[in-house]
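I opened my notebook to look up a few things in this structure. My notes follow in the order I made them.

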Amino acid sequence: MKTYLSSRPVLRRGSFAPTSLNRRTPFAALERSFDFSIAGFCGPILFGVLFCVLAGAVRAATLVSTGGGPFTQFGGAGSVSGTLGLIGARSDGAGGSSYVFRNLDTATGTVTQSVKLSATSLVGADNFGIAVSLSGTMGLVGAEENDLGDSRHGSAYLFRNLNTASGTVTQNARLIASGLAAKYSFGNSVSLSGTIGLVGTFVVADPATAKGSAYIFRNLDTASGTITQNATLTSAGGVVADQFGRSVTVSGNLGLVGAPGRDGGRGSAYLFRNLNTITGTVTESATLTASDRSDSDRFGNDLSLSGNLGLVAAPSAESSRGSAYLFRNLDTATGTIVETAKLLASDGAANDRFGGFGSLTTGISISGNTGIVGARGDMIGANANQGSAYLFLHLDTATGVITEDVKLTASDGIEDRAFGTSVGIDGDRFVIGAPSSNSVPVGKAYSGSVSSMTTLDAGNASRNIDGISFMSRTDWIIGETTDANLVTLGLGDTADVTMATKAIFIGKNAGSDSNTLQIDGILHSAEVYIGSLAGNADNTLQLENTAA
């Protein structure tokens, strides 16, 4: 590994014993030799610990539930909004549960829930928590098999004030669809944006007759009791087996509804506008499709909206390797449109399920210009179904076929962990669910931040990586133009920045001073630049005693 030092950089080191790992250049070689490939003043090598107290700290954590038994499917659904996280556990207890985690910006290590969500009249197999969505301090939870006198009619439950609730709480309102027959699994998919909720139903009990529909609910900030829809969404020309409503997403006044069974399983997605005013039964403003779709791709199995950008997954494409598709300018789209860009995993393989799996996952999410896609079936080493997730940046300008910027895995990943079954992202923060399967009975979820693994340039800010390891296909930058940024790679976590032409920069440009990368875990890198030849000072690579 080459380390480039300039303009008063500092390498701080604890009492680590050198170890060679994974046949890569051992990081401990930094103690023994340097390749000074650029001119500049090299600061002293110091032994000790660097203490940094910075504003704008954002931590990372592993999320678990207390009291939950094995095989609860904790992590099968997940959502994040601001510093709140909501994790579903559809098989937990009598009918399922969901769990709220607060203060994700400061949580670290392993944390338990702040609030447990339940609903009145739940019974076994209601699947409360099969789908969850957060917006601000409100949450929406689906219970697809909840019984209103008709077997598997389904319900969705609204919760408010999740920032202050405590203990175990029940719903503020119950959402149902008027005129819906039995066995329609209403609540299999849910989405919340502001005070608008969107709930899907596609008839799990009998996929052969699953034409499906979706329902709009407004004014959820004041709703109480049992309420019915303000509008019903359906597709023009929809037929049985379309599974319209398998997935839903809403952002502002735009909505997307997936129909992965359409056209022999090729799938489609449908765009709806003006959700704040529509009434009655309405059909789509535009139809989204993949330019290269084929039979059984299940395009539309999962999807996500942010502003006028949309991501749609086709997890069964290419022998279930999976793919995803980006659509822009959805605020003006009409007719039938195809993708702006196609997203793939650079190391994708058959049965990875990139983008989701069956009817029990929410494997794709977008916020702003950043997307995250789960691949719960990804084999890591010899571990089948350990799972992974992929971050995609700059989606506002992406075109053609693109691969991920960063691949994420659970640092405690083992076979059947199913990491990436659910994903959610809001701004810089993400959550990833790992409900486990087969031989791993207890599920988990993981929270983290995008900037900790890509570019942290907020100034006087710190980020922590804890419980997640990553492989970057882009530069890892701590302080591009600003001062006093700190990223800490946790004990047990691994960062890999070895792709050709990519490097780590600590204080990248002139005037970017006092930035720090602290390594408690394992770092693989081909090149590390500490400081800038153009002029900055006191940028630091800090190796703790546990670092490798």
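Predicted model: local features only at pLDDT ≥ 70, side-chain atom pairs only at ≥ 80, totals over all residues.

**Entry 1: strand β46 and its neighbours**

In what sense do β46 and strand β49 pair, and over how many bridges? I looked it up: β46 pairs with β49 (residues 540-543) in the parallel sense, over 4 bridges.

β43 and β46 pair in the parallel sense, over 4 bridges.

Next I asked which way the side chains of β46 (residues 516-519) point. T516 and Q518 point one way, while L517 and I519 point the other way. I also noted that all of these residues are buried.

**Entry 2: strand β38**

How many residues of β38 are buried? I got 6 of its 6, so I wrote "mostly covered", going by the cut-off of under 20% relative accessible area for buried.

Strand β5 (residues 61-64) pairs with β38 in the antiparallel sense over 3 bridges. In β38, Y446 is the bridge partner of T62. Strand β37 (residues 429-434) pairs with β38 too, in the antiparallel sense over 6 bridges. There I noted V431 opposite S447 in β38.

**Entry 3: aromatic rings**

I searched the whole structure for aromatic pairs and got 15. Why is the pair of F419 and Y446 edge-to-face? Their ring centres are 5.3 Å apart and their planes stand at 70 degrees, so the pair counts as edge-to-face; the cut-off for that label is over 60 degrees.

This pair links distant parts of the chain. F419 sits in the loop between β35 and β36, Y446 is in strand β38 (residues 444-449), and the two are 27 residues apart. F419 is buried at a relative accessible area of 0%, and Y446 is buried at 1%.

I then looked at F470 and W476. Their ring centres are 5.1 Å apart and their planes are at 85 degrees, so I put this pair down as edge-to-face. F470 is buried, with a relative accessible area of 4%, and W476 is buried with 0%.

F74, Y99 and F101 form one aromatic cluster. K508 lies over the face of F505, at 4.7 Å from the ring centre.

**Entry 4: the largest pocket**

How much space lies in the largest pocket? I wrote down about 630 Å³. Its lining has 40 residues, and S133, S191, T249, S304 and S365 lie nearest its centre.

I sorted the lining residues by kind and got 16 nonpolar, 21 polar and 3 charged. Which strand gives the largest share of this lining? That's β11, with 6 residues. The elements that each supply at least two lining residues include β6 (74-81), β16 (189-193) and β36 (422-426).

**Entry 5: the second largest pocket**

The second largest pocket holds about 480 Å³ of space. I counted 22 lining residues, and the closest to its centre are I380, Q386, K407, T409 and M471. β35 (406-410), β41 (468-472) and β44 (494-497) give two or more residues each to this lining.

β35 gives the most, with 4 residues. By kind, this lining divides into 7 nonpolar, 10 polar and 5 charged residues.

Where does I530 sit, buried or exposed? I530 belongs to strand β48 (residues 527-530). Its relative accessibility is 0%, so I530 counts as buried. I also checked I530 against I506: they are 24 residues apart in sequence, yet 4.9 Å apart in space, C-alpha to C-alpha.

Technical notes. Residues numbered from 1 in each chain as written. Heavy atoms only, no water. Buried < 20%, exposed > 50% of the residue type's maximum accessible area, 1.4 Å probe, protein only. Pairing = 2+ DSSP bridges. 1 Å grid on protein atoms, 1.4 Å probe; cavity = no way out; pocket = protein on both sides within 12 Å on 5 of 7 lines; lining within 4 Å. Points joined across faces, edges and corners; volume = space filled by probe spheres on them. Nonpolar A, V, L, I, M, F, W, Y, C, P; charged D, E, K, R; others polar. Phe/Tyr/Trp six-rings, centres within 6.5 Å; stacked < 30°, edge-to-face > 60°. Lys NZ or Arg CZ within 6 Å of the ring centre and 35° of its normal.
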